[in-house]
Amino acid sequence: MSVLWQQKTHGVLKRKEKMQRLLAQLLLGVVVITTILAGIYLTLVASNVHTARRLWAMEHEIANVIRDNQALITEIARLSSIPVLQERSVALGYRPAESIDYLYLGEP
Amino acid sequence: MLHGPDTRQRLIAVLLIAALLPILGQLVRLQVLEHSQHQSEAETLVRRQYALPEAPWGVIMDRNGDLLIGNVPVYDVGAEINMITDTVIAASVLAPLLNRPEEELLATMTLSESAETLVWRPLTNHVPPETAQKLRELNWPWITLSPTWERYYAEGALACHTLGFVNADGMGYGVQAFQLRFLRGGSLKRVGPVSGDTSPMPDELTGGNLTPYPGTDLRLTIDRTIQAFVEGALDQAIVDYNAVGGTILVMNPQTGEILAVASRPNYEPHRYAEYAQNGETMLFLDPAVSIAYEPGSVFKIVTVAAALDSGRVDMNWSYHDLGHLEYGGVPIRNSDGAVYGQQGLQGILDYSLNVGVATLSTRELGADLFYKYVRAFGFGQTTGIELTGEARGIVHLPSDWDWSDSHLATNPFGQGIAVTPLQMAMATSAIANDGVMMQPRIVAERHYPDGRIIPIPAHELGRPISAETARAVTEMMARSVETVAKVAQVPGYRVAGKSGTAQIPTTGGYDPQQVVASYVGFGPVPNPQVVILVNLDRPDVPANMRWGIHTAAPVFQKVMARVLTLMGVPPSDLRAGP
C-alpha cells in the first residue's frame, strides 16, 4: 500500500468517524432535551390534574359544609320556634303575664 | 440464496417496512379519514353535564333576625335501571326507605324491552340525609343521589299568606314569589369532558367559575312575636264569634312597615302541593291584599277627612239628621234607622251616621272632590307592597260607564266600593301619620351573599290630607273611643278608632243576614306607633251583637294592648313623666 493511499484512506476514515460521533452526540442531545421537555410537560400536566381534582373536591367540601350549616340553622330555628319555646317555658313553670308595671326612671 | 449481510439487512428492512405500512395506513384512516367521526364518538362518551351541588335559596327572617324560612338539605333519588341486577330485591329493599309502594317501585325500575341501553329514572324526591346515607350504605352503583334543598317553615303556618311559597315551576304566592329573583340560588351547569367519576377534566375548570350562587336573604318587617299573638287573637275571635274567617293587620303608620298580618282561613305552605291537588287553591290568596270587600262604616273616616281637608266644612259644621236621605234614586238611612237631629262631624263618627257622610259627599264635596280624595287615599289602585296578587279594589268613578249618582251617596259610608284590608289600613295610617301616607312594605333589608346589606327605605306615597286635618280627624276618632266606643279603649293609652259593619254584596243586592264586622284604629295618640285593622268575616252571633263595635272592637283592644307592650311603648301617663 502506497503512502498516498494510506493517507487518503486514513484521512477519510477519521473524518467519517468524526462526523458519526457528531451525529450521535446531536441525536443524543435531542433525545435528552426531548425527554426533559416531556418530563416537564408530564409533571405540569400531572400537577394540573392533581390541583384540579383537589379544587373540585374542595368545592364539593364547601358545598357539603354549606349544607351542614343550613341544616344546623334550621335545627336552631326549630328549637327556638314559638311553639317549642312556649312548650319549654310552660314546662319550666312560666305563665303569661297578667299585668305589666312600668317604673319611671328619671334622668340622673 | 440470501448471501451476505447486506442482502439480509435489506430483506429485514423490507419486511419491517411491510409490517409498518398497514399500521401507518390504519393511523391515516383513524386520524385523518375518519377523524371527525371518531372524535364525535369519543366526545359522546366523555362529555357530560357537570355541576357542583346547588346553593341554597335565601333565607327569610323576621325583623329581629329570627328565622321564618330556611333550607333543609335533601336528596333526589334516581336509578340507572339498566344496571340493576335484581329488580325484585332492589324494589323490596328500597320501598320502605323511599316510602313508596313496592309494586310501584318495581314498575318504575323495570326496563322495557324497547328501552335503550342507558335508562335513568327518578325514584323519589326530597329524601332526608339520613335516608340518603342508608342508600349509600347499600353500595349499589346504579343509585343516584342528587343533593338539593327543601324550604323549611320554622314557625309552621305562621304568616303563611305573607311568606307564601314557590312551586317547581317558579310560580307561587306571597313574598317568596314576589322576591323570587333575589331569593333563588342555584348552580352553574356546564357540559364538557368528564373523568370516570364524573368530575370535569382539568381544562374544564379553567373555563370559568362554577361555584354555585346562593340566594339573597331577606329580613322582613314582620315581628314574629306580634304575628304569633295576632294569629292567636284572630283564631280566638273566630271561635268566639263563629266567624267564617277574618284578617288582622298591624302596621307602623310612620314607616309603612307591616308588623303582622294574619288571615283565616290559612294553610301550611310546605303542603301547598296537597292543597293544589285537592282544588283548594283559593286558600293561597291573601285576604289582606288580594281580596277586596266593602268596608262599611270604617270608610267614614276617609269621607270626614276629605270634607275637612277640602275646606268645604270646618269643625263647626253641622247638619240636621232626619234619619234618611234620598240621592240618585237611592234612599240612605242610618244603620239603626234612628233620627239624630242636629249633628256635627264628631256626631257623625260617634254614631256612625250614614246620612251624615252622605250629606257631606252630596251636599258639600260633590263627586269630583270626593273621588279625588278617594284616589288620593290610595283606593282603586295597588299599594305596591312586595306581595303577589295584590288587588286594586273597586272604585266606580264618575267617568266610568257604570257609575251613578247613588255611588256618591253610598260610597262615603263604604258601600258600593271595594277595598282591600291593606288599602284601608294604609289610608288610616295617613290620618295617623299627620296626613303623610307611607307605602306599606314587608321587606326591610336584603342581605346579599357578598355581605352587602341593602335596607329598603321607607317610601312616601303622598299626602292626601294636611297635617291639621289629620290631627283633627285623629282627635275626633280618639274622642269617639273615649265616649262611645269604650270597648276599644286601652288602659293607659289614648287610642283612636272607628268601627264598621258592612253588608256583603250578593247577586242583585246585599245579603240580609251576613256582614263583615271591622274595626280600624291607631295609638297611642299623639304620635301613633301602630295602626290595627280587624276584620271578621260573617260573624254568626245574635243580630244585635253582630256589629263591628261588639265583635271586632274588643279584638282590636286586645291586640292593641299587647302590641303596644311588645313594642315597648310606655303608657301615656308614664310618657308624660312623674
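Which residue with a positive phi follows α10(B)? Select B:Asn242, which comes after α10(B) and has a phi near 50°. Bear in mind that this is a predicted model, in which local features need pLDDT of at least 70 and side-chain atom pairs count only at pLDDT 80 or more, while totals for chains, interfaces and linings use all residues. Residues are numbered from 1 along each chain as its sequence is written, and chains are lettered from A and ligands numbered from 1 in the order in which they are written.

**The helix α10(B)**

Now select α10 (224-240) of chain B; helices here are DSSP runs of H or I with at least four residues, strands are runs of E with at least two, and both are numbered from the N terminus. Its 17 residues should span 24 Å at 1.5 Å a residue, and the end C-alpha atoms are 24 Å apart, which agrees; the expected span is 1.5 Å times one less than the number of residues. Among the buried residues of this helix are B:Ile226, B:Phe229, B:Val230 and B:Leu234, where buried means that 20 or more other C-beta atoms, placed from the backbone, lie within 10 Å of the residue's own. What covers the buried residues of α10(B) includes α2 (82-91) of chain A, together with elements of chain B such as β3 and α18 (548-566).

**Where the chains meet**

Show both chains, and you will find 26 residues of chain B in contact with 23 residues of chain A, a contact being two C-beta atoms, placed from the backbone, within 7 Å. On the side of chain B that touches chain A, β3(B) gives the most, with five residues.

**The five-stranded sheet**

Next, colour the strands β11, β10, β22, β21 and β20 of chain B, which form an open sheet in that order with antiparallel pairing; strands pair if DSSP finds at least two bridges between them. The edge strands are β11 and β20 (496-506) of chain B, each pairing on one side only. Inside the sheet, eight bridges join β21 (residues 509-523) of chain B to β22(B), and B:Phe522 has B:Val531 in β22(B) as its bridge partner.

Move to β13 (residues 324-327) and β14 (residues 330-333) of chain B, which pair in the antiparallel sense over four bridges. They form a hairpin with two residues between them, and B:Gly328 in the turn has a positive phi of about 60°.

Finally, select B:Val304, which, leaving aside neighbours within four places in sequence, is in contact with residues including B:Leu345, B:Val357 and B:Val473.

Definitions and conventions
A residue is buried if 20 or more other C-beta atoms lie within 10 Å of its own, exposed if 12 or fewer, and partly exposed in between; C-beta atoms are placed from the backbone.
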